[in-house]
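The sequence and structure are shown first, and the description follows.

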Amino acid sequence: MKKAAIAFVALPLLCLGAGYGAGLALAPAPAEAAGTEVDDKAPHGAEEAVKDAAQASETDAHGEEGEKSAKGENQEPMDSYALAKDRTVVRLGQMTIPVEKTNSVSYVVADFALKMGSLELAERYRRVEDATRMRDSLLQAMNLAAESAVLRGVAIDSEALSQLLRDLISKEHQGVDDVMFVSLYKQDVARL
């Protein structure tokens, strides 16, 4: 009887450990999974993101369009320092919205900021209660946009999305001049 109890406890734990070890051994390196090359001398983290943003803005300034992959599209991040200097801009944080398609699910990750009509409105929406209400309205608007053609295409038109969100939010909250994206990322994941 004791052997059966040991088998019922030890066998699942043994299989769990073997599966975890095999997953660690067979999983690709993080850079391979992201589709980028690893350079030991290259900086990591924030410095790398700043360099990528600078390169993207240089190519846009020269009129060249960057290559957009079919798997994911990323918009260059806005300058956080410039946003912090403008006191009528209210940062609301990051949200992830799934966009379900026939053969895939696209995950849109957006970091939102709102340009308010006056400094008084901006100060009001910086308070926790009003900021939470605004985030809820923004999430509802993004879910409505996920059902429309704005987020279902291969590329996201950030200007059209910003205008749609501003129109939807303005019904409930007065004084919103613009919906800005501090960062906007899209990643398609195939359904299995």
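## Overall architecture

The protein chain has seven helices and four strands, where helices (H or I, at least four residues) and strands (E, at least two) are DSSP runs numbered from the N terminus. The model is predicted, so local features need pLDDT of at least 70 and side-chain atom pairs count only at pLDDT 80 or more, while totals for chains, interfaces and linings use all residues. Residues are numbered from 1 along each chain as its sequence is written, and side-chain values use heavy atoms, with hydrogens and water left out.

Read from the N terminus, the order of elements is α-α-α-β-α-β-β-α-α-α-β. Of the 192 residues in the protein chain, 26% count as buried; buried means under 20% relative accessible area, exposed over 50%, and partly exposed in between (1.4 Å probe, protein chains only). The accessible surface amounts to about 13,200 Å², and carbon and sulfur atoms contribute 57% of this area. These areas come from the Shrake-Rupley method with a 1.4 Å probe, and for residues only the protein chains shown count as cover. Among contacts in the protein chain with a separation of 6 or more, 69% involve residues 24 or more positions apart, a contact being heavy atoms within 4.5 Å.

## Helix 7 and its cover

Helix 7 comprises the 13 residues 158-170; at 1.5 Å a residue it should span 18 Å, and its end C-alpha atoms are 18 Å apart, which agrees. The expected span is 1.5 Å times one less than the number of residues. The buried residues of helix 7 are Leu161, Ser162, Leu165 and Ile169. Viewed down the axis of helix 7, these buried residues fall within an arc of 100 degrees, so they line one face of the helix; the arc is that of the directions from the helix axis to the C-beta atoms. An α-helix has 3.6 residues a turn, so residues three or four places apart point the same way. The cover over the buried residues of helix 7 includes strand 3 (104-116), helix 6 (128-147) and strand 4 (176-190).

Beyond helix 7, Glu172 sits in the loop between helix 7 and strand 4. At 53% relative accessibility, Glu172 counts as exposed. Apart from neighbours within four places in sequence, Glu172 is in contact with Ser137 and Gln140. Glu172 and Arg133 are 39 residues apart in sequence, with their C-alpha atoms 9.9 Å apart.

A search of the whole structure finds one aromatic pair. Rings of Phe, Tyr and Trp (its six-membered ring) pair if their centres lie within 6.5 Å; planes under 30 degrees apart count as stacked, over 60 as edge-to-face and the rest as tilted. The pair is formed by Phe112 and Phe181 and is tilted, at 5.5 Å centre to centre with 50 degrees between the planes. It links distant parts of the chain, since Phe112 belongs to strand 3 and Phe181 to strand 4, 69 residues apart. Both Phe112 and Phe181 are buried.

Ser104 also lies in strand 3, and its relative accessibility of 15% makes it buried. With neighbours within four places in sequence left aside, Ser104 is in contact with Val99, Val189, Ala190 and Arg191.

## Salt bridges

The whole structure holds eight salt bridges, each defined as a side-chain nitrogen of Lys or Arg within 4 Å of a carboxyl oxygen of Asp or Glu. Three of them are tabulated below.

| Asp167 | Arg166 | 3.9 Å |

Asp188 is partly exposed, at 21% relative accessibility. Asp130 is buried, with a relative accessible area of 10%, whereas Arg124 is partly exposed at 36%. Asp167 is partly exposed at 41% relative accessibility, and Arg166 is partly exposed at 24%. Salt bridges that share partners join Arg124, Arg127, Asp130 and Arg133 into one network.
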